[in-house]
Amino acid sequence: MTPLYHRFDDYDDVKALLDGSDEDVLVALAGKPALIRIPAATTGVAPPARLVSCLMHGNEPSGYRAVVEVLRRGERFPFDLWVLIGNVRAATHDGWYAHRYLDDQEDFNRVWDVGPATTRMRRCAAAILDELRTAHLEAAVDLHNNSGQNPYFAIVTNVEPQHVALAALCADTVLHWRLRAFTLMEALAPTCPTVAVECGLPHLPEGTAFASDVIRRFLTAPGFDGVPGPATQQPRRIVQTELRVSVRPEVMFTFGG
């Protein structure tokens, strides 16, 4: 059976991908997501792990560019670093970063824990999720762009202190997401503190710079298990979703532009 995603287990495995441009990396991935594990610098039997995910939507490149920048530096950390690069196929269709997802695809950030895994994308998400749930994750950050001129903000589905503290580490504004949309962050929230981070409009250098700074703070934070450090942080403001509008399939609908 053809693998549903690429799997890399060390810098040596992924190094050859990183020689060209950011777009060359995507071409080499040939339309499949990639799950990368960079082992910890320490030799503990079961080191903790942290996850950075990006490009869950093919038109949201800021987090992806920041992630590739980190991988090219070749650093190792006191924990396993897991990287998930999401909808590569949408990101490379019709040029670069033109589609959130393709007409023959489901939204890759709406297929996590959706069950049953009856489609290719759901099977891919289920297999990746099985790996991540056994990876000893202590925290996860999922990087996105959004379609409006919003401030940078972090999203949590759980307002327990560790989740809010992780969000505060990433952004001043935190949104409490109360919708059940089968996102990656929703699927991982019972496992570890998890946030999605919105890095503004795509294709802007300041958005990539913000994503890079989020990753830097995340990877250098001392811990997420109640020890002093990020667990003591609080955001400047927390807002929450109140309403969800669903549009009937037969209704023509657009926004923006």
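A salt bridge, as the term is used here, is a side-chain nitrogen of Lys or Arg within 4 Å of a carboxyl oxygen of Asp or Glu. Colleagues, the structure above is a predicted model, in which local features need pLDDT of at least 70 and side-chain atom pairs count only at pLDDT 80 or more, while totals for chains, interfaces and linings use all residues. Residues are numbered from 1 along each chain as its sequence is written, and side-chain values use heavy atoms, with hydrogens and water left out.

I begin with the charged pairs. Searching the whole structure gives 21 salt bridges. One of them joins K15 to D12, with the closest N and O atoms 3.4 Å apart. For exposure, buried means under 20% relative accessible area, exposed over 50%, and partly exposed in between, with a 1.4 Å probe and protein chains only. On that scale K15 is partly exposed at 47%, whereas D12 is exposed at 58%.

A further salt bridge links E69 and R73, at 3.5 Å from N to O. Helices (H or I, at least four residues) and strands (E, at least two) are DSSP runs, numbered from the N terminus. E69 and R73 are about one helical turn from each other, because they stand 4 residues apart in helix α3, residues 62-73. Both ends are partly exposed, E69 at 37% and R73 at 47%.

R248 and E250 also form a salt bridge, at 2.8 Å between the closest N and O atoms. R248 is exposed at 54%, and so is E250 at 57%. Elsewhere, salt bridges connect R7, D9, R37, D80 and E131 in a network.

I turn now to the interior. Of the 10 residues in helix α6, which covers 161-170, 8 are buried; among them are H163, V164 and C170. The buried residues of α6 pack against several elements, including β5 (137-144), β8 (194-198) and α8 (205-220), where contact means heavy atoms within 4.5 Å.

What of the cysteines: how many disulfides are there? With a disulfide defined as a pair of cysteine sulfur atoms within 2.5 Å, the count is 0. The sulfur of C54 has its closest cysteine sulfur in C199, 10 Å away, which is too far for a bond. C124 is likewise in no disulfide, the nearest cysteine sulfur being that of C54 at 14 Å. C54 is buried at 0% relative accessible area, and C124 is buried at 4%.

Finally, T254 lies in the segment after β9 and is exposed at 65%.
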